[in-house]
Amino acid sequence: MRCLCFTFAMASLASAFVVSAALAQGPGGATPVLRMTTEDWSVEVVTENLNYPWDIDRSGDRILMTEAGGTIVTIEDGRLNRYPVETSDPIVHDGGGGLLGMALSLDFQASGLAYFYHSYRSAAGPTNKVIQARFDGASWRETRVLLDGIPGHRLYNGGRIAIGPDGHLYVTTGWTENRQRPQDLGSLAGKILRMTLDGQVPADNPFPGSYVYSTGHRNPQGLAWNEVGDLFVVEHGQSAHDEINLVRPGANYGWPLIDGDRRRAGMETALLHSGDETWAPSGATFVGPELLVAALGARGLYVFDEAAGALRLVFTSGDRLRDVLPVGQDLYVITTNRSPRANGPSDDRLLRLSHK
């Protein structure tokens with residue numbers, strides 16, 4: 001089994017990932033994921049008919065996935081359906097941009113409301129926005145723009161969004177290959193943003209009147225909370241030095257002035273980093289007390305091994321893994337097999353991993 005070893009300096013991680021009340025057992029069952037290897041999983045190919053999927057979520061018995069080209073794929077009762085998302089500004093899928101993150105409202109089954117992060121083209125060039133959209137059972141239509149004008153890039157857009165334990169929406173944005181923006185409080189690039197579900201700045205945000213929750217990020221693509229509400233973010237480093245950070249409101253995570261083990265007054269050193277290895281982390285979630293990370297460059301599903309101070313490989317199919325979703329005792333993973341630097345179809349699939 002291959003593992004990537006990382007510098008570690010964090011307190012114990014704990015969480016409870018809550019799924020549908022219809023599934024009584026906790027995610028991952030009784031067997032810690034840390035003990036698993038690729039050979040311990042039974043793998044089902046749920047579908048191979050995906051093209052650059054980016055985010056996966058679940059509502060009842062329905063699995064939903066975004067595709068960067070601007071569509072939502074649903075799988076229910078073994079049937080696959082694909083729906084374009086109608087938006088006020090056309091979704092632009094170029095490189096790593098497109099229809100990226102998705103967060104379903106807590107009452108999605110009744111309201112059909114969800115939140116999305118997508119790329120578009122403005123007078124400033126590549127740009128991103130956060131929207132609300134509604135599914136009426138037959139189509140997806142934008143209902144509100146929560147925030148637009150987020151600087152974009154062909155490769156570095158961040159793109160993950162999630163509703164936190166506090167009921168607010170959290171958004172990751174990329175640095176856009178601009179060394180000033182991550183450290184500039186006046187820019188939305190290279191940040192974690194926090195907003196209300198109607199797009200307002202929460203009164204308790206760390207910088208009054210600003211969406212900015214934390215600064216100094218390079219290309220964060222994963223958000224996960226533990227059971228006490230601590231926020232962990234995974235992000236791509238420069239060629240290597242990929243990071244996991246414990247995010248505090250108002251903190252500065254250093255990019256591009258520091259990365260890895262480097263230190264500087266007023267900036268946070270990474271809790272966990274990949275050193276000279278490339279991991280390219282994307283989706284992250286907790287399963288019980290274990291932090292799981294889907295890795296693109298390292299082509300596998302990894303779990304944090306606290307005792308070893310490492311990320312340990314627990315599954316690989318040879319695919320670039322974009323995101324992971326726990327459902328009952330199973331894990332669903334989606335692939336993004338085309339590099340954002342390449343062109344053409346991505347030839348992707350949805351896999352279900354079950355304990356043997």
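**Cavity, pocket and sheet in a predicted model**

Visitor: How many cavities of 30 Å³ or more does a search of the whole structure find?
Guide: The search finds one cavity of 30 Å³ or more. Please note that the structure is a predicted model.

Visitor: What volume does the largest cavity have?
Guide: Its volume is about 60 Å³.

Visitor: And which residues line the largest cavity?
Guide: The lining consists of G216, R218, E235, H236, G237, Q238, H241, E243, W255, I258 and D259. By class, two of the lining residues are nonpolar, five are polar and four are charged.

Visitor: Turning to pockets, how much space lies in the second largest pocket?
Guide: The second largest pocket holds about 410 Å³ of space.

Visitor: Which residues lie nearest its centre?
Guide: Those are Y156, H236, A280, P340 and R341, out of 25 residues that line the second largest pocket. H236 also belongs to the lining of the largest cavity.

Visitor: How does the lining of that second largest pocket divide by class?
Guide: It comprises eight nonpolar, 12 polar and five charged residues.

Visitor: New topic: in what order do the strands of the open sheet of four strands come?
Guide: The order is β12-β13-β14-β15, and the pairing is antiparallel. At the edges are β12 (161–163) and β15 (212–214), each of which pairs on one side only. From one strand to the next, the twist averages 30°.

Visitor: How many bridges join β14 to β15?
Guide: Two bridges join β14, residues 192–195, to β15.

Visitor: Which residue in β15 is the bridge partner of L193?
Guide: The partner of L193 is V212.

Visitor: Through what do strands of a sheet pair in general?
Guide: They pair through backbone hydrogen bonds, either parallel or antiparallel.

Methods
Residues numbered from 1 in each chain as written. Predicted model: local features only at pLDDT ≥ 70, side-chain atom pairs only at ≥ 80, totals over all residues. Heavy atoms only, no water. 1 Å grid on protein atoms, 1.4 Å probe; cavity = no way out; pocket = protein on both sides within 12 Å on 5 of 7 lines; lining within 4 Å. Points joined across faces, edges and corners; volume = space filled by probe spheres on them. Nonpolar A, V, L, I, M, F, W, Y, C, P; charged D, E, K, R; others polar. Pairing = 2+ DSSP bridges. Axes fitted to C-alpha atoms, helices over the stretch in contact; angles between N-to-C directions.
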